[in-house]
Amino acid sequence: MKTNRNIIVSISAIVVILIGIALLFPAREKQSAPKNIIYLIGDGMGFGQISTLIMEHAVNGEACTSSQIDRIQHMGMATTYSANSKVTDSAAGGTALATGEKTNNGTVGLNPSGDTLSSVLAEAREMGKSTGIVVNTAILDATPAAFYAHVEKRSQWEEIAMQLIRTGYDLLIGDGLKYFNQRTDSLDLTEVFTANGYVFYDSTDVLTVSQPADKLLALADFKEVLPQTVEKALSWLGQKENPEGFFLMIEEARIDGHGHNNDVRGLMDEMEIMDKVMKVVLDYADAHPETLVIITADHETGGVNMGYDGRPFFSTTGHSGTVVPVFAYGPGAENFTGLIDNTGIPERLRSLMAW
Ligand SMILES: [Zn+2]
């Protein structure tokens, strides 16, 4: 009898200890840890540009529809100032979004003291995720460059192209071929990529390929086909079936230019392209619920507002210092609400990736 009582006391003690441990270390909610991350940046896309998109859809007579913004449930806004200005450029803005550190306007991937900064995309690769960049401008432009390059001046195009080789990212899709094969050093970097195991395409024909080789470099003009390109990139990354998932950085780069040009029609058309890209990534996240989508901007361009005639109007041909939207969708999205500094976005992505 005494032995039985001892056993019961021992079991009870173990149960109490286990409950205590469980209370001290609550189980992590696995559903809030994203496996895949899609980081979509609209260059120059402030609240005026978003308002333009929403209103073009909502107030359109019989044909009124919803924009993709209707699907977003977690929203915040981000400050965009750089280390040396209230109004950032894409180099400092991209660096903040990629690395979580402020730098001076014009600088890519280095802090104001010249120290190298690490990007969340490079860190995702180190963690074993598949990685990609898709842009409808030069892949060497400041915003995508911030995700892999480290240069004092964003205009160091040939050096940025050289640094792209070292990334090892799986999918590299954008424009800028001449900085790879018509260089002052006479090198043909496309051959270096090929030697490193990349399959190289110099046209949008790549979009007809069902599954390219393991690593892909496509340098062509993807301006008119950004939504289709993003759809393909997601399909290719998904087909890798990497148990660690993937991190895809996308830039809709041309909203900025229409802001600089104060081009009303151009802005409205570009926001329609952005809407289509948002549909592609949000549909992907719906079909693959372990995917977190972040949509934001490096800064606003043009000081866009909505005029009494219902059309956007501009208050500058430069960038403005207004806050920009942060839209989040999928596991972990609730971490991106409220007022965030742009550096807080990669900080939050880092902590979610560390789960
Ligand atoms: Zn600009």
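## Where helix 3 meets helix 12

Let's start with a spot where two helices touch: Ala96, Leu97, Ala98 and Thr99 of helix 3 meet Ile345, Pro346 and Arg350 of helix 12. Contact here means heavy atoms within 4.5 Å. Helices (H or I, at least four residues) and strands (E, at least two) are DSSP runs, numbered from the N terminus. This is a predicted model, in which local features need pLDDT of at least 70 and side-chain atom pairs count only at pLDDT 80 or more, while totals for chains, interfaces and linings use all residues. Residues are numbered from 1 along each chain as its sequence is written, and side-chain values use heavy atoms, with hydrogens and water left out.

Helix 3 covers residues 90-99 and helix 12 covers residues 344-353; the two pack at an angle of about 20°, with axes 6 Å apart. Axes are lines fitted to C-alpha atoms, for helices over the stretch in contact, and angles run from 0 to 180 degrees between N-to-C directions. Helix 3 and helix 12 are therefore roughly parallel to each other. On that scale, angles under 35 degrees count as roughly parallel, over 145 as roughly antiparallel, 65 to 115 as roughly perpendicular and the rest as oblique. Helix 3 passes helix 12 in a right-handed crossing. A crossing gets that name if the near helix is turned clockwise from the far one by less than a right angle, and it is left-handed if the turn is anticlockwise. Sorted by class, the contact of helix 3 with helix 12 has five nonpolar, one polar and one charged residues. Here Ala, Val, Leu, Ile, Met, Phe, Trp, Tyr, Cys and Pro count as nonpolar, Asp, Glu, Lys and Arg as charged, and the others, Gly among them, as polar.

## What covers helix 3

How many of the residues of helix 3 are buried? Ten of its ten, which leaves helix 3 mostly covered. Buried means under 20% relative accessible area, exposed means over 50%, and partly exposed lies in between (1.4 Å probe, protein chains only). The elements covering the buried residues of helix 3 include strand 1, helix 4, helix 5 (142-145), strand 8 (291-296), strand 12 (319-320) and helix 12.

## An exposed loop residue

Now for Thr116, which sits in the loop between helix 3 and helix 4 (120-126). With a relative accessible area of 56%, Thr116 is exposed. If you skip residues up to four places away in sequence, Thr116 touches Gly109, Leu110 and His150. Thr116 and Ala149 are 33 residues apart in sequence, and their C-alpha atoms are 9.1 Å apart in space.

Next up is an open sheet of ten strands, in the order 5-6-4-3-7-1-8-13-2-14, with mixed pairing. Strand 5 (198-201) and strand 14 (338-341) stand at the edges with a single partner strand each, so one side of each has no neighbour in the sheet. From one strand to the next, the twist averages 15°. Two strands pair if DSSP finds at least two bridges between them. Helix 2 (residues 47-58) lies across strand 2 (74-79) and strand 13 (324-329), at about 60° to strand 13.

## Strand 7 and its partners

Strand 7 (residues 246-252) runs parallel to strand 3 (residues 130-138), and six bridges join them. Gly132 has Leu248 of strand 7 as its bridge partner, and Thr131 stands opposite Phe247. Strand 1 (residues 36-42) also pairs with strand 7 in the parallel sense, over six bridges, and Ile37 stands opposite Phe247.

Seven of the seven residues of strand 7 are buried, so this strand is largely enclosed by the rest of the structure. In a regular strand the side chains alternate between the two faces of the sheet. In strand 7, Phe246, Leu248, Ile250 and Glu252 point one way, while Phe247, Met249 and Glu251 point the other.

## Helix 9 beside helix 11

Helix 9 passes helix 11 in a right-handed crossing. Leu226, Pro227, Val230, Glu231, Leu234 and Gly238 of helix 9 make the contact with Ile273, Lys276, Val277, Val280, Val281 and Tyr284 of helix 11. By class, the residues of this contact divide into nine nonpolar, one polar and two charged.

Helix 9 also holds Ala233, which counts as buried at 0% relative accessibility. Leaving aside neighbours within four places in sequence, Ala233 is in contact with Val134, Leu171 and Leu248. Ala233 and Leu172 are 61 residues apart in sequence and 9.4 Å apart in space, C-alpha to C-alpha.
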